[in-house]
Amino acid sequence: MDTTFWRERWQNKDIGFHQPDIHELLQKHWPQLGLAAGSQVFVPLCGKSLDMVWLAGEGHRVIGAELSEIAIDDFFAERGLEPAVREVGNFIVKSADAYELWCGDIFELPPDAVSGVAGVYDRAALVAFPADLQTRYAAKLKQLVPAGAPVLLITLDYDAKRMTGPPFAVPRDQVDRLFADSYAVTELECRDALDLNPRFRQRGLTALDEHALLLRRR
Ligand SMILES: C[S@@+](CC[C@H](N)C(=O)[O-])C[C@H]1O[C@@H](n2cnc3c(N)ncnc32)[C@H](O)[C@@H]1O
């Protein structure tokens with residue numbers, strides 16, 4: 001899976017992953033991270049997620065990273081915001097209001113971009129990558145994210161014989177393989193998510209679990 005795949009999804013408006021509502025598990029579990037209002041949070045692979053609007057409403061400054069400039073431009077346009085634009089290395093950085101969105105490949109994101117964040121929200125980022133890239137992504141997060149910053153990680157798990165990702169299945173033991181060397185992993189909730197995502201039933205799934213996990217640096 002290369003970056004062209006995702007850029008083309010945005011060009012073709014093939015963005016079934018984009019949710020029209022704030023994610024329920026974010027609202028329910030975010031308070032457990034215990035972050036101060038005013039602190040910065042990192043949203044990797046942010047798309048144009050409305051979850052960023054909710055995080056800003058909680059008083060956070062939101063730093064996003066996203067490959068597609070279409071996603072970032074849509075996000076600001078849909079809020080009626082005109083971002084300031086600057087270039088940093090291979091990234092175009094657009095910022096307005098509570099948002100600073102870095103357009104480029106997360107694997108090239110400079111640590112400075114997120115050195116001040118107090119927490120991380122990953123919904124549909126880890127699961128966007130196949131297994132080999134999940135390992136690379138987890139290593140990059142561990143390198144980027146300051147030690148004190150917890151992560152709210154929302155993953156999906158299903159019978160991988162029934163559907164080809166993305167989203168890719170991330171079994172609970174895969175989360176441990178990826179993160180347990182650096183983080184204590186706590187499962188906050190596991191829920192049946194098939195009825196919430198009927199498009200996956202059409203792609204062959206008969207069961208789909210959604211996990212909310214809290215990662216705290218050891
Ligand atoms: C499944 S979507 C999830 C978007 C968002 N988190 C949400 O909940 O709507 C994955 C997003 O990651 C972006 N993406 C994929 N690979 C990336 C990379 N290497 N660097 C930055 N963004 C990437 C895609 O363009 C896409 O918007």
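I count a residue as buried under 20% relative accessible area, as exposed over 50%, and as partly exposed in between, with a 1.4 Å probe and protein chains only. A71 is buried by that rule, because its relative accessible area is 0%. A71 has its place in helix α4 (residues 69-78); I take helices (H or I, at least four residues) and strands (E, at least two) as DSSP runs, numbered from the N terminus.

Ground rules next. This is a predicted model, so I need pLDDT of at least 70 for local features and 80 or more for side-chain atom pairs, while totals for chains, interfaces and linings use all residues. Residues are numbered from 1 along each chain as its sequence is written, and side-chain values use heavy atoms, with hydrogens and water left out.

**Ligand.** I looked up the shell first, where near means a heavy atom of the residue within 4 Å of the molecule or strand. There are 15 residues around the ligand, and W10, L45, E66, I106 and R123 come nearest. I sort the shell into 9 nonpolar, 3 polar and 3 charged residues.

Then I checked atom pairs. An oxygen atom of the ligand sits 2.6 Å from a side-chain N or O atom of E66. A ligand nitrogen atom is 2.9 Å from a side-chain N or O atom of D105, and a ligand nitrogen atom is 2.8 Å from a polar backbone atom of L45. Taken alone the ligand exposes 600 Å², and the protein buries 96% of that; the areas are Shrake-Rupley values with a 1.4 Å probe, and for residues only the protein chains shown count as cover.

D105 itself is in the loop between β5 (99-103) and β6. I call D105 partly exposed because its relative accessible area is 21%.

**Cores.** My nonpolar core is a set of buried Ala, Val, Leu, Ile, Met, Phe, Trp, Tyr and Cys residues joined through side-chain atoms within 4.5 Å. The largest has 43 residues, and F42, L109 and F179 touch the most other members. Elements that each supply at least two of its residues include β2 (61-66), α5 (131-144) and β9 (209-217). The largest share, 5 residues, comes from α5. Another core, of 25 residues, lies apart from that one, with V43, A56, L152 and A212 among them.

**Cysteines.** I searched the whole structure and found 0 disulfides (cysteine sulfur atoms within 2.5 Å). For C46, the nearest cysteine sulfur is that of C103, 9.0 Å away. C46 counts as buried because its relative accessibility is 3%.

**E189.** This one lies in strand β8, and I list E189 as buried because its relative accessible area is 17%. The E189 side chain makes a polar contact with the side chain of H29 at 2.7 Å. That term means N or O atoms within 3.5 Å; within protein, one must be able to donate a hydrogen and the other to accept it, and residues adjacent in sequence count only if both atoms are side-chain atoms.

Most residues other than glycine have a negative phi, and most peptide bonds are trans. I noted a cis peptide bond between G165 and P166, omega about 5°, and a cis bond between P166 and P167, omega about 0°. K13, not a glycine, has a positive phi of about 55°. K13 lies in the loop between α1 (3-11) and α2 (24-29).

Conventions. Nonpolar A, V, L, I, M, F, W, Y, C, P; charged D, E, K, R; others polar.
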